[in-house]
Protein chains: 4
Amino acid sequence: VAGRGGVVQPSVASISATVDLAADVRGTHMSRFVQALAEYQTVLDPRACAALAEHLRDRLNSSRATLTLEFPYFIERTAPVSALPGMVDVEATLSVVAAESTEVRVGVRVPVTSLCPCSREISDYGAHNQRGHVEIDVASPWPAGDASGIWIEDLIEVAEASASSPVYPLLKRTDEREVTMRAYDNPAFVEDIVRDVAVNLRADVRVASFRVRATNQESIHAHNAIAQVRWARGSEQ
Amino acid sequence: VAGRGGVVQPSVASISATVDLAADVRGTHMSRFVQALAEYQTVLDPRACAALAEHLRDRLNSSRATLTLEFPYFIERTAPVSALPGMVDVEATLSVVAAESTEVRVGVRVPVTSLCPCSREISDYGAHNQRGHVEIDVASPWPAGDASGIWIEDLIEVAEASASSPVYPLLKRTDEREVTMRAYDNPAFVEDIVRDVAVNLRADVRVASFRVRATNQESIHAHNAIAQVRWARGSEQ
Amino acid sequence: VAGRGGVVQPSVASISATVDLAADVRGTHMSRFVQALAEYQTVLDPRACAALAEHLRDRLNSSRATLTLEFPYFIERTAPVSALPGMVDVEATLSVVAAESTEVRVGVRVPVTSLCPCSREISDYGAHNQRGHVEIDVASPWPAGDASGIWIEDLIEVAEASASSPVYPLLKRTDEREVTMRAYDNPAFVEDIVRDVAVNLRADVRVASFRVRATNQESIHAHNAIAQVRWARGSEQ
Amino acid sequence: VAGRGGVVQPSVASISATVDLAADVRGTHMSRFVQALAEYQTVLDPRACAALAEHLRDRLNSSRATLTLEFPYFIERTAPVSALPGMVDVEATLSVVAAESTEVRVGVRVPVTSLCPCSREISDYGAHNQRGHVEIDVASPWPAGDASGIWIEDLIEVAEASASSPVYPLLKRTDEREVTMRAYDNPAFVEDIVRDVAVNLRADVRVASFRVRATNQESIHAHNAIAQVRWARGSEQ
């Protein structure tokens, strides 16, 4: 997979591929999906996925093909004080609908820290916090010949900026102190997180539509707290 | 399932049942497992599971049968200040090995809150905390005719007493304040939690051996922290 | 949960409940969800779920509430020749959107046997077959005071009738012979299964719209074969 | 990961790493695990994993460290008649216990086809078959300086040879005919599969002990059929 800036990393994807079937055709040629994937030996980015989905549509004589790749994607992350390096993994998704036109979607599921504003406000000391994750799924034009679309890295940055703190692979004591106090200084409900992400994505001209969902693995409950926003440019939703 | 005190609750279990096969026998009679389970219409507690495993051993002409039931188990939990009621669900396990003698094991997976002692100590304010879970699996004699063994409820109480706080289904603002401050007052590493559980279980004569595992869904990392202790009465381990 | 014919069975559900949040409101009252569920002590059927979702909408002062329950649902199934009884479990879903009007959806995920028509046709003997599952999700009006909507049992029957054979909890040798040959006599691609289900559902006036998906855990591949149809009454889709 | 023959493939692993903690030490240095992994930039094979586990043991001042890597591992597989190429993925495990001595284990989970001997025998035509998987976990010495241990590829070959047929990523009609009839010609219960694997592994001097488990996703039931054998050289088990 090629990331922003052109750096390539290997990954392992779960792949879902479909075609629409005309009413008068009994079944599809399932082996052609596998054959097309086996033959496709190219570095993947959103535009390459779009080309592969268009190829599936044509090869299987269909009016519409979809392709979805889900894979772990790694980014380097240095500790905030000690600057020790490590890797954070994010679940990333590239999905394409190739019909008359081609729609490309880029998605991430980013682990974050969130700290509860209510708990902080009502308590003499402490505040409950927890691991959560922010899922963003964006439709973004990736016109051929021009790298103007959204990258996985862009979405990770937006997600982490809206939470109480990013998570880190490696923290020494000085780092842990920094992260603990930063989270306390940036409390956020899941409702706050999705709204903050939404404001950032609306302002980005590369974004045609999005779905944002924040989930907290509440540390004081056994159930999760979830907030979600959907939006499409040109429509109020 | 019958709980401590005899209260019965319905649940839905995943069941695993096996028998040992002699070297000169080609295969087992798989349908007899299903038939035995379908015919067994009794309230389950550890002793009833032991009887069912012994029945499987005999019915399938084997020297050894095992039976494991995994099921959600609900307990009532009132909020600490408002006293509003709700239900907490715990993953419970009853497992039996019926060979020359019969061993009964009772297990739970209890969600809890844990707050990091290190983070609290090194920070001017706040402390990272998270949802975690404590798994306890205990071998406990359940001699016929005398209800002297370990109950699921016993293990839940031990697990929760060792964490920074139990989790609650329902918390109003006054409750949330109480739980936030209680967790801050009771910091515990996963290592502390399993050792505390171990001390309690060793002191309980109904316990023949145990495995305890505590897992934190670390709020500042994307990985989990895990601690584990194994012990058997009469052996140092 | 109450089934068709009024028979009630206990089950354990995963519940998702949401409300829409007005733009000028910071957050919702999460504890009210739990409180409403804890107080709701009624036998559930689709209409009772609709009432609960409407109650959530009103209690949380929202314009729109959703409620989804996922739970195992058991039906009795006798073996085809020996007539020995057993239980089959189906994953069932009841979901409601309560806005200006209330939409009720009933869903199932039914395990089935499918046998490949192509494999049978091209081979001198044998035919690959496998476990698969048929998912059906139906929007069906459940007007108050009249039990005219779709039941879980209705959808199970439609799903099983379209596959090569139902699965059975308990089969003796005479039963296994019957099921083996029945599957061979009723080969079906996943495409055939979803189309057959679709024909049956369109003919049912209680069905407003549906999504049908059949998945084969292909026995000759490590990947699955999937087919899907969507349809809404009054629109060609 | 380096495979048999020295070919290297990138993969993405879930990693579990532990150390034993002395009774008088409160906790471990969790960040050192991550640091050791982040610094370890080497092609992995069983011997390199052993070295990493020994490094963890020393770096964390412990008497015993364990390391487990679970990752998808790909092998090329050509169709049996058309010879078209594709990739099969296997779940592989490398695990090490580094104490006074170091034990290395290699594991696989291989998807296969199994066809029921009983169903074939009692039916006039057809036989139920299904996807299953064979799990093998082998302790094998990997002495430094000599590549004499068991490789992932060795275990895959043993697993597939014992089933009714391997699975294939890509099959044209002529291939499907071949695989259908081959499975019919090689019926095997899960009990047969594990015994056949066991015979092969006992005869391999590189194998010190093993656990073999075969699981069928029974096509006529909603439950699975499972068989398991354990064995250690020098002990009857």
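Biologist: Before we start, what counts as a helix here?
Modeller: Helices (H or I, at least four residues) and strands (E, at least two) are DSSP runs, numbered from the N terminus. This is a predicted model, where local features need pLDDT of at least 70, side-chain atom pairs count only at pLDDT 80 or more, and totals for chains, interfaces and linings use all residues. Residues are numbered from 1 along each chain as its sequence is written, chains are lettered from A and ligands numbered from 1 in the order in which they are written, and side-chain values use heavy atoms, leaving out hydrogens and water.

Biologist: Thanks! Where does Asp192(D) lie?
Modeller: Asp192(D) is in helix H6 of chain D, residues 190–202.

Biologist: Is Asp192(D) buried or exposed?
Modeller: Buried, at a relative accessible area of 19%, where buried means under 20%, exposed over 50% and partly exposed in between (1.4 Å probe, protein chains only).

Biologist: And what does Asp192(D) touch?
Modeller: Leaving aside residues up to four places away in sequence, Asp192(D) touches Arg26(B) and Pro117(D). Contact means heavy atoms within 4.5 Å.

Biologist: Switching topic: how many residues make the contact of chain C and chain D?
Modeller: Chain C brings 38 residues and chain D 38 residues.

Biologist: How many salt bridges cross that interface of chain C and chain D?
Modeller: Four, by the rule: a side-chain nitrogen of Lys or Arg within 4 Å of a carboxyl oxygen of Asp or Glu. Asp124(D) and Arg177(C) form a salt bridge through their side chains, with N to O at 3.1 Å.

Biologist: Which element gives the largest share of chain C's side touching chain D?
Modeller: That's H5(C), with eight residues.
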